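Notebook entries follow on one protein.

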Amino acid sequence: MSSAWLLPEHIADVLPAEARRIEELRRQWLDLARGYGFELVMPPLLEHLESLLSGTGRELDLKTFKLVDQLSGRTLGVRADTTPQAARIDAHLLNRTGVTRLCYCGPVLHTRPSGLHATREPLQFGAEIFGHAGLEAELEIQTLALDGLQAAGVRQLTLDLGDARIVRSVLGGVPLDAAALTDLVAALTAKDGSTVRDIAAKCPADTRDGLSALLDLYGGEEVLAEARRRLPARAPIAAALDDLQWLATHLRVSHPEVRLGFDLSDMSGYAYYSGVRFAIYGEGSTDTLARGGRYDEVGAVFGRNRPAVGFSLDLKGLTGSVAIGAQRTAVRAPWSEDAGLRAAIRRLRDAGETVVCILPGHEQETQEFACDRELVAIDGQWVLHAL
């Protein structure tokens with residue numbers, strides 16, 4: 001018999017020191033996004049399933065918990081990603097004609113963890129720009145993501161760029177059933193050459209050559225020049241490479257300290273992205289800190305096929321890549337019914353200080369706060385005294 005206090009696998013309580021750091025990161029990211037002009041939205045945790053999964057593909061469907069609404073009998077989903085909800089808000093609740101910048105921060109729930117040590121209940125921060133089809137939106141989103149990670153204390157960032165149009169154009173209308181396409185995308189992302197060659201064997205020669213070339217097209221900026229030589233001469237491929245070059249040129253100026261990489265066969269989120277996609281990594285880690293890109297089709301089901309680009313990250317996972325800051329200093333105060341002491345405590349708290357009252361019988365206990373001063377009575381007055 002399992003103990004009542006045990007939690008499900010990959011679900012965990014967040015204890016004080018980590019909870020403090022997560023909350024600091026949440027406030028930091030929201031303040032930064034506000035400085036860019038992003039408006040905060042708070043979508044619900046539950047929605048009708050068809051709304052949650054619109055335009056997102058099978059991958060998100062498999063991540064989503066489903067349940068039956070006892071009021072309507074309809075199937076509901078617990079959100080596994082907030083982006084479709086932001087698209088719904090943009091399309092139907094705000095219904096603006098110009099550019100809309102939205103950000104959000106809240107829990108999502110996954111049926112399975114994304115990695116061995118990952119949580120199934122990430123705290124997702126995200127930012128989306130709706131209504132602008134130009135690369136300026138991609139650059140702004142990538143700049144926000146990089147600025148936020150640097151402000152959080154992550155160093156030696158790598159921004160990895162790709163474009164969903166490249167693989168789609170290489171395939172160029174070649175008839176592949178859904179299962180074969182899923183296997184091909186997974187094999188390209190994993191650089192599984194044998195599986196790619198097996199699936200491509202029945203494709204035309206230029207498609208086979210293009211798929212084979214994609215397996216080698218990852219690395220530095222030289223990848224773009226090599227791609228122009230080795231990939232089929234098709235307009236969408238040329239446009240995608242031009243876009244990646246434009247972004248690289250601007251990112252080198254705005255963030256010269258960030259390493260730029262390119263992986264033209266990485267098709268993570270294949271059914272989701274419609275153009276440039278990116279992932280950001282920290283020092284010496286293969287775990288993705290942030291992921292995003294362009295997904296112009298995400299709002300189509302809501303009747304407004306607006307240009308859209310954004311990114312998201314898990315603030316819980318991010319805490320593993322940043323140092324936990326020093327404990328917040330606090331004032332220690334005895335418990336007393338003395339009106340002067342209570343007034344002194346109130347004044348300190350009104351001024352922004354943390355005052356920890358030590359309850360009777362607990363004088364030797366420690367807590368999350370680092371008390372470096374205490375309130376002591378001197379000549380009938382309560383004054384601060386250094387510890």
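How many helices and strands are there in the protein? I looked this up and found 13 helices and 16 strands. Helices (H or I, at least four residues) and strands (E, at least two) are DSSP runs, numbered from the N terminus.

The model is predicted, so I noted that local features need pLDDT of at least 70 and side-chain atom pairs count only at pLDDT 80 or more, while totals for chains, interfaces and linings use all residues. Residues are numbered from 1 along each chain as its sequence is written, and side-chain values use heavy atoms, with hydrogens and water left out.

**Whole protein**

I took the box along the principal axes: the C-alpha atoms fill roughly 95 × 55 × 50 Å. Of the 387 residues, 44% count as buried. Buried means under 20% relative accessible area, exposed over 50%, and partly exposed in between (1.4 Å probe, protein chains only). I then looked at contacts, meaning heavy atoms within 4.5 Å. Among those between residues at least 6 apart in sequence, 69% join residues at least 24 apart.

**Helix H7**

I checked the length of H7, residues 178–190. Its 13 residues should span 18 Å at 1.5 Å a residue, and the end C-alpha atoms are 18 Å apart, which agrees. The expected span is 1.5 Å times one less than the number of residues.

Which residues of H7 are buried? I listed Ala180, Leu184, Val185, Ala187 and Leu188. Down the axis of H7 the buried residues fall within an arc of 165°, so they line one face of the helix. The arc is that of the directions from the helix axis to the C-beta atoms. As background, an α-helix has 3.6 residues a turn, so residues three or four places apart point the same way.

The face of H7 turned away from the buried side carries the exposed residues Ala178 and Ala190. Cover for the buried residues of H7 includes helix H6 (164–171), helix H8 (193–200) and helix H9 (205–214). After H7 comes Lys191, and its phi is positive, near 60°.

**H6 against H9**

The axes of H6 and H9 come within 8 Å and cross at roughly 150°. Axes are lines fitted to C-alpha atoms, for helices over the stretch in contact, and angles run from 0 to 180 degrees between N-to-C directions. H6 is therefore roughly antiparallel to H9, a term for angles over 145 degrees.

From H6, the contact uses Ile166, Val167, Val170 and Leu171; from H9, Thr207, Gly210, Leu211 and Leu214. By class I noted 6 nonpolar, 2 polar and no charged residues. Ala, Val, Leu, Ile, Met, Phe, Trp, Tyr, Cys and Pro count as nonpolar, Asp, Glu, Lys and Arg as charged, and the others, Gly among them, as polar.

**Thr207**

Leaving aside neighbours within four places in sequence, I found Thr207 in contact with Val170, Leu171 and Val174.

**Thr354**

I located Thr354 in the loop between helix H13 (339–350) and strand E14 (355–358). Thr354 counts as buried because its relative accessibility is 14%. Beyond neighbours within four places in sequence, Thr354 is in contact with Arg328, Thr329, Ala330, Val331 and Phe369.

Methods. Angles under 35 degrees count as roughly parallel, over 145 as roughly antiparallel, 65 to 115 as roughly perpendicular and the rest as oblique.
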